[in-house]
Amino acid sequence: MRQLLLATRNAHKTREFAQILGAEFEVRDLANAPQSAPMEETGLTFAENAILKAVAISKQFPALVVADDSGLEVEALRGAPGVYSARYAGERASDAENVAKLLAELARCELEAGARVARFRCALALAREGKILGIFEGVVEGTIVHTPRGSAGFGYDPIFQPAGLSRTFAELSPLEKNRISHRARAIQSLRAALLA
Ligand code: IMP
């Protein structure tokens, strides 16, 4: 069994990783490691943030460490909210506040139909003892709908409709989302590399 330490305290993420990685992997996270230093997200790209976290945590724990960073890029907003996705409407903004700000910014752009192109990106960094062993990325293309729909998921899920589907991420079951999401794609490519 391969052991991985996820640089997160988010149990939802840990479950998602464990599900996608499958039975060959034992996934732990930082939930029971209160002594770990706070993780900085000061990079300008998702990969930079994932690297910062993976290096910091792998210096503190003798394990194979995976750190992730993810967010939404909207073309008409020149890639915003990007690495600021979690705090787009302010440091402690709720998902609903972030979604409302994004829809308001898009409305101000007075876009033509079809110009609401967006993508979710996820970057994973794999590290041991402070050294980066690999970077894995996943992308899912889609559009931003005008009105939020659905109640599953989190973050920007109610306004993101993946290309080729007529439902938003928040209208998909976790299983359906996990087949196509940016995070799932990044985790699959990490899995392939670890099993190679
Ligand atoms: P982090 O990777 O946990 O730092 O997440 C960054 C932010 O990006 C989240 O707080 C969400 O706002 C957004 N985000 C990342 N992945 C998703 C997703 O799968 N659905 C909706 N929002 C997401």
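Okay, first the housekeeping. This is a predicted model, where local features need pLDDT of at least 70, side-chain atom pairs count only at pLDDT 80 or more, and totals for chains, interfaces and linings use all residues. Residues are numbered from 1 along each chain as its sequence is written, and side-chain values use heavy atoms, with hydrogens and water left out.

So, what surrounds the ligand? There are 15 residues around it, and Lys13, Ser70, Asp157, Lys177 and Arg183 come nearest; to count, a residue needs a heavy atom within 4 Å of the ligand. Sorted by class, that shell holds six charged, five polar and four nonpolar residues. The classes go like this: Asp, Glu, Lys and Arg are charged, Ala, Val, Leu, Ile, Met, Phe, Trp, Tyr, Cys and Pro are nonpolar, and the others, Gly among them, are polar. Strand E3 (65-74) gives the largest share of the shell, three residues, and helix H5 (182-195) also supplies at least two.

Now some polar contacts, meaning pairs of N or O atoms within 3.5 Å. A polar side-chain atom of Asp157 is 2.6 Å from a ligand nitrogen. Arg183 has a side-chain N or O atom 2.9 Å from a ligand oxygen. With Tyr156 it's a polar backbone atom, 3.2 Å from a nitrogen of the ligand. Taken alone the ligand exposes 480 Å², and the protein buries 89% of that (Shrake-Rupley, 1.4 Å probe).

And where does the ligand sit? In the largest pocket, which means more than half of its atoms lie within 2 Å of the pocket's grid points. A pocket here is an open set of points on a 1 Å grid over the protein atoms alone, where a 1.4 Å probe fits, with protein on both sides within 12 Å along at least five of seven lines; lining residues have an atom within 4 Å of a point. This one holds about 650 Å³ of space. Of its 29 lining residues, Asn10, Lys13, Ser70, Ala86 and Phe154 are closest to the centre. E3 gives the largest share of that lining too, four residues.

Last stop: the second largest pocket, about 230 Å³ in volume. It has 14 lining residues, with His12, Glu16, Pro174, Lys177 and Asn178 nearest its centre. Here H1 gives the most, four residues.

Technical notes: Polar contact = N/O pair within 3.5 Å; in protein donor to acceptor, adjacent residues only side chain to side chain. Points joined across faces, edges and corners; volume = space filled by probe spheres on them.
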